[in-house]
Amino acid sequence: MSSATAKESFMPAPAQNAAALPWLAETAAIEKDKAVNWVKALRATGAESFARTGLPTLGWEGWQYTNLRPLSSVKFHYSADAAVFDASRLPAPLLDSYRIVVVNGQYQPKLSSLPKSVTVQSLMDAATGHAQGLEDALVRVGDLAQVPLVALNSAYLRDGFVLNVAKNADVDKPVEVLFFNTGNDAAIYPRVLYRLAENSGATIIERHLGMGSYFTNIYTAIAQESASRLRYYRAVNESGNSFHINMAAVQLQKNAQFEGFSMATGGKLTRQEYQLQLLDKDVCCSIGGVYLINGQESHDFTVLADHFEPGGKSAQHFRGVLDDQARTVFQGKIYVRRSAQKTDGYQSHHALLLAPTAEASAKPELEIYADDVKCSHGATSGQIDPVALFYLKSRGIPEQAAKALLAEAFINEAIEQVTLEPLRELHRARAAQWLAERHT
Amino acid sequence: MLKIENLHVNVAGRAILKGINLEIQSGQVHAIMGPNGSGKSTLSYVLAGREGYEVTQGKITFNGQSLLEMEPEDRAAAGIFLAFQYPVEIPGVTTINFLKTAINSIRKKRGEKEMEPAAFLKLQKEKLTKLGMDAEMLKRGVNVGFSGGEKKRNEVFQMAMLEPKLAVLDETDSGLDIDALKIVSDGVNALRSAERSFLVITHYQRLLNYIKPDVVHVLAGGLIRKTGGPELALQLEEKGYAEYYGEGEAA
């Protein structure tokens with residue numbers, strides 16, 4: 001990513017990293033594909049870069065708190081073969097919506113349904129068809145040496161899809177994108193591009209789930225033209241033996257509106273990173289999320305809101321509940337360039353620890369070069385308020401139920417920001433269910 | 001109904017209650033009056049089962065059950081209610097949801113069926129009207145953004161909904177103006193019955209003009225110094241607590 005953070009965090013990498021090579025062993029499987037030249041070039045650059053860096057270790061900027069060592073304890077395999085699965089066993093859509101189905105990273109056109117104003121192609125079809133601006137949108141990742149997981153994703157550039165929303169279109173129903181993963185120690189490297197043309201509007205609900213053991217390493221590019229409006233929701237509920245890493249790079253043009261929200265439960269290790277670039281004037285974006293984790297699960301939200309031009313608004317609201325030995329990381333940064341006057345930036349993260357063994361790390365940052373801006377942040381981590389707990393118990397509510405009620409209230413304050421009401425209700429119900437089941 | 005015998009309580013290693021004896025019969029209203037720091041609130045918290053209050057001697061029996069071994073939620077199910085001196089704000093939990101959960105938890109513990117939503121609504125409407133409260137308040141977070149008076153009213157509303165056997169009112173009059181005091185007292189008086197007892201804790205006699213006690217106790221220095229009828233409250237109003245200071249305070 002060509003971000004300001006990346007520059008200052010530059011670390012010289014060794015020539016080659018022995019631990020990286022097994023990760024690249026299966027790139028041969030896609031070398032025979034008929035791919036356009038720039039795709040091949042991007043794969044080669046990604047592989048070369050990843051071969052030098054390997055997976056980020058705790059010494060990497062942005063990775064001080066999330067340890068990827070458990071990822072290396074399993075040998076994950078990339079498969080170029082068509083995914084085998086039973087379509088009748090895929091979960092039904094959450095809401096009345098259009099649908100895109102992706103299994104092990106591979107777009108399934110036969111299981112997908114979309115309105116006229118939205119077009120979707122597999123990534124390779126889009127590349128072969130010389131879809132306009134596609135190369136720019138996909139090569140835009142900047143210096144791959146600084147984002148090893150994106151480099152790894154690039155080395156396997158093949159799966160995923162490109163979605164376009166037509167100019168002035170307002171998609172009447174949400175588009176659910178089901179990412180289903182079938183396990184078997186699969187390594188899955190989808191690349192997704194959402195493009196909203198000028199003055200278009202859409203709601204996307206990504207669902208990430210699966211069974212068994214797998215590693216999914218996604219790169220999601222979002223390009224919003226001027227005055228476009230996107231609600232980008234992620235519901236991440238991966239299997240207990242899985243690793244989920246997503247980099248969402250969001251580019252926003254003049255007057256664009258972006259509302260991002262993610263709800264995460266489950267998964268062994270989940271990292272959701274957002275890089276929001278407010279490239280032109282008067283962009284309005286909010287990004288938020290909640291996580292509910294227990295056992296040995298770990299979750300990481302890493303967010304950069306990068307303000308380029310005046311009048312931009314960015315808000316970050318994150319909350320999470322942790323039990324047992326769960327660990328969470330929040331790294332949030334608001335970066336305001338010299339030209340971005342009248343920026344309004346806000347950032348918060350609040351973690352509720354239900355057990356003394358749970359651990360929360362937060363690194364909130366503001367970096368401001370303009371002189372007329374309004375930016376603030378807040379981060380807390382704490383336990384259930386004993387006074388509130390006693391109050392509930394004194395009214396007859398048993399301890400576990402009282403704790404669940406307080407935790408639910410805590411998490412609902414963040415769920416509130418989801419403007420799609422039926423999804424908000426589902427998230428609330430999911431949080432309540434998680435809290436009710438946690439000790440059963 | 002309630003029998004407290006030789007109750008000694010330490011808080012953070014310090015003796016606060018030093019041998020309380022108190023017996024409340026069904027249907028009686030007892031008032032406990034005393035200066036600040038006399039142990040009034042400690043007594044109320046020990047009855048409700050708050051953590052951090054160490055009972056070093058004595059026992060409390062409630063309708064034949066030994067209270068001290070019970071969790072706060074079990075005491076609530078047994079029929080004890082504490083109206084807090086400082087009601088707690090709980091953002092994100094509506095009073096409605098809170099009360100439904102409380103009522104149904106208590107019913108479950110007593111082996112009864114959950115309350116029908118229609119019955120709950122009817123009960124709630126009736127009690128709200130009595131206390132001059134707006135139903136909108138119940139849709140907000142418990143006590144969030146409430147004035148001092150609204151919080152106290154909400155305590156009495158909860159009490160009315162939960163219909164306890166013993167209600168402990170811990171300085172429910174503090175922070176109330178005369179109008180609010182009347183409304184709250186009316187709410188309490190409406191609940192008086194032969195099966196329900198009250199322990200009214202207050203610093204001032206004023207409240208007892210509205211809630212007429214059967215018995216008045218003076219608590220000072222961790223001991224009940226005097227017990228009498230309603231006239232005792234009037235004496236205190238005149239003379240203050242001065243005569244009760246300094247006695248047995250050697251500890």
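Helices (H or I, at least four residues) and strands (E, at least two) are DSSP runs, numbered here from the N terminus. The structure is a predicted model, in which local features need pLDDT of at least 70 and side-chain atom pairs count only at pLDDT 80 or more, while totals for chains, interfaces and linings use all residues. Residues are numbered from 1 along each chain as its sequence is written, and side-chain values use heavy atoms, with hydrogens and water left out.

Let's start with the sheet of chain A. Ten strands form an open, mixed sheet in the order 2-1-5-8-10-12-14-16-18-20, where pairing takes at least two DSSP bridges between two strands. Strand 2 (106-107) and strand 20 (374-383) of chain A are its edges. Strand 10 (229-237) and strand 12 (257-265) of chain A run parallel over eight bridges.

Helix 11 (421-437) of chain A lies across strands 8, 10, 12, 14 and 16 of chain A, at about 20 degrees to strand 12; axes are lines fitted to C-alpha atoms, for helices over the stretch in contact, and angles run from 0 to 180 degrees between N-to-C directions.

Now to the partner: 16 residues of chain A are in contact with 31 residues of chain B. A:Phe390, A:Tyr391 and A:Arg395 supply 41% of the area that chain A buries against chain B, buried area being the accessible area (1.4 Å probe) that two parts lose on being put together, summed over both. B:Glu73 and A:Lys393 form a salt bridge at 3.7 Å, N to O, the rule being a side-chain nitrogen of Lys or Arg within 4 Å of a carboxyl oxygen of Asp or Glu. Helix 9 of chain A gives the most to the side of chain A that touches chain B, with seven residues.

Conventions
Chains are lettered from A and ligands numbered from 1 in the order in which they are written. Contact means heavy atoms within 4.5 Å.
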